[in-house]
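Biologist: I have a structure open and would like to go through parts of it. Can you help me read it?
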Amino acid sequence: MEKSMQTVEVKSMFINGEWTQSQGGGTLRVVNPATGEEVGTVSYGDGKDARAAIEAAHQAFPGWSRLTARERSKYLYQLYELVRSHRDELAGIISAEMGKPLREAKGEVLGAADNFMWYAEEAKRVYGETVPSSVPNKRIMVSRQPVGVVGAITPWNFPVNMVARKIAPALAAGCTVVLKPAESTPLSAIRLFELIAQAGFPAGVANLVIGQPEAVGQELLDNPKVRKIAFTGSTRVGKLLMEGAAKHVKRVSLELGGHAPFIVFEDADLDAAVAGLFESKFRNSGQMCICTNRLYVHESVAEAFSAKLVERLSKAKVGDGRSKETEIGPLVNQRALDKVLRHIQDAQDKGGQVVFGGKRLAEGEYGKGFYCEPTLITDVTKEMEIAFEETFGPVVPMMTFTDEAAVIEMANDTPYGLAAYVYTRDNSRCFRLAEALDYGIVGINDGSPAQTQAPFGGWKESGLGLEGGRYGMDAFLETKFVSFGM
């Protein structure tokens, strides 16, 4: 963190409808992980800034929550149009601040826009009901009301879509929001909030605080005016937030880590499975919570599958995400790269065979970035770190199996339960695996199962609550029972 200087253009935070600098005057440099160049400087706050934003959201809540759903929808529709029309600009910012290839970044922005449109429509479908009473002179009514001020904390790997998935249903439900984006990717959040301001949302309805994670997070936990925490990030931090939220019995929804298995059976379409694995594992350089972490291939097709996968990896272009040819960009920072390289080395030390890749790319155009070759490791055992710890990088650890029941047991042998993938042409097996895998999301012959209208969430230590579709509204609504005496 640095003190701001007059010669540096400092991007601001958005609190109570105004663009403002941090109360302490701190700033934060944003660096492109592909080149090491500075791409922006932002105001960097702390708990005092979070407190001001919470107060603004608290004051705005009565007016916003009393608007009709149709009125709130108009704002969200307008935001949808603005985000969609600024797709290329937002994608360029995403690529510059976290390295994502432009093609993927454009898809992310369209997904974010789709969330605003979906919840503009879903706002009008917050239904209540009447329940038959067992007492003749009473009537029962059940209604849904917004929970209140929401503290949303989002990650760097999908810096626009993750924000949309949090704030779109919250705003549609009638909640007001204080957003804390990731430190690595504040520029895309700032541009999104400029569009929120352009869409005309009332002051205080949506607030942006860029600041110290511990200080801002603690204020969101300790301040009783915040009634809900919505978080996407690591399981470790999610547990801390869950523990801290207990002080005021705040609602929490947590989308946490994963360790997804990808299972290829002997009857699978191997070309389709390789394509699905590449999309699942190497999209965003493997920096996704639902990306493949463990590859299980039936012994009878393991050699053929690995050969096809190596052929695909050999054709993958690694580079600056802003280049149209790039398929795999850099890791987000040095710490992320170090973890990936540590997992590769640990696997090699314990008998793993690197059959493709395995090294940092550091020559020429790669010299100032955080690049790792796309990597395939075979002869992987469960003792290796990569077999049980989320790697968050472009590395595939491959294991073989011969028995369906055994591979199900191996796939489920983890505290995580976010996503799993299966490739087979046996219809009965499709249903057996879909039911047997202990995961919130299962892709059957589908390496990219997430859609706006579908529920997204994990089992076990991968999270609590759901995002997406009509299910995403539930996290931001309270249920009220009213009994009428006659």
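Modeller: Start with helix α9, where Leu270, Ala273, Val274, Gly276, Leu277, Phe278, Ser280, Lys281 and Phe282 are buried. Keep in mind that this is a predicted model.

Biologist: How far apart are the end C-alpha atoms of α9?
Modeller: They are 17 Å apart. The helix has 13 residues, 270–282, and at 1.5 Å a residue it should span 18 Å, so the two values agree.

Biologist: What does aspartate 269 do at the start of α9?
Modeller: One of its side-chain oxygens comes within 3.1 Å of the backbone nitrogen of aspartate 271.

Biologist: And which residue follows α9?
Modeller: Asparagine 284 follows α9, and its phi is positive, near 55°.

Biologist: Changing topic: in what order do the strands of the open sheet run?
Modeller: The seven strands are ordered β16-β19-β20-β15-β14-β22-β23, with mixed pairing.

Biologist: Which strands stand at the edges?
Modeller: β16 (353–356) and β23 (441–444) do. Each has a single partner strand, so one side of each has no neighbour in the sheet. On average, neighbouring strands here are turned by 25° against each other, ignoring direction.

Biologist: How do β14 and β22 run, parallel or antiparallel?
Modeller: They run parallel, with three bridges joining residues 260–264 of β14 to residues 419–423 of β22. Valine 264 is opposite tyrosine 423 in β22.

Biologist: Which helix lies across β14?
Modeller: Helix α13, residues 404–412, lies across β14, β15 and β20, at about 170° to β15.

Biologist: Last one: where does pLDDT stay under 50?
Modeller: Over residues 1–7. The chain average is 96, and 98% of the residues score at least 70.

Definitions and conventions:
Residues numbered from 1 in each chain as written. Predicted model: local features only at pLDDT ≥ 70, side-chain atom pairs only at ≥ 80, totals over all residues. Heavy atoms only, no water. pLDDT = per-residue confidence, 0-100. Contact = heavy atoms within 4.5 Å. Pairing = 2+ DSSP bridges. Helix = DSSP H or I, 4+ residues; strand = E, 2+ residues; numbered from the N terminus. Axes fitted to C-alpha atoms, helices over the stretch in contact; angles between N-to-C directions. Expected span 1.5 Å × (residues − 1). Buried < 20%, exposed > 50% of the residue type's maximum accessible area, 1.4 Å probe, protein only. Polar contact = N/O pair within 3.5 Å; in protein donor to acceptor, adjacent residues only side chain to side chain.
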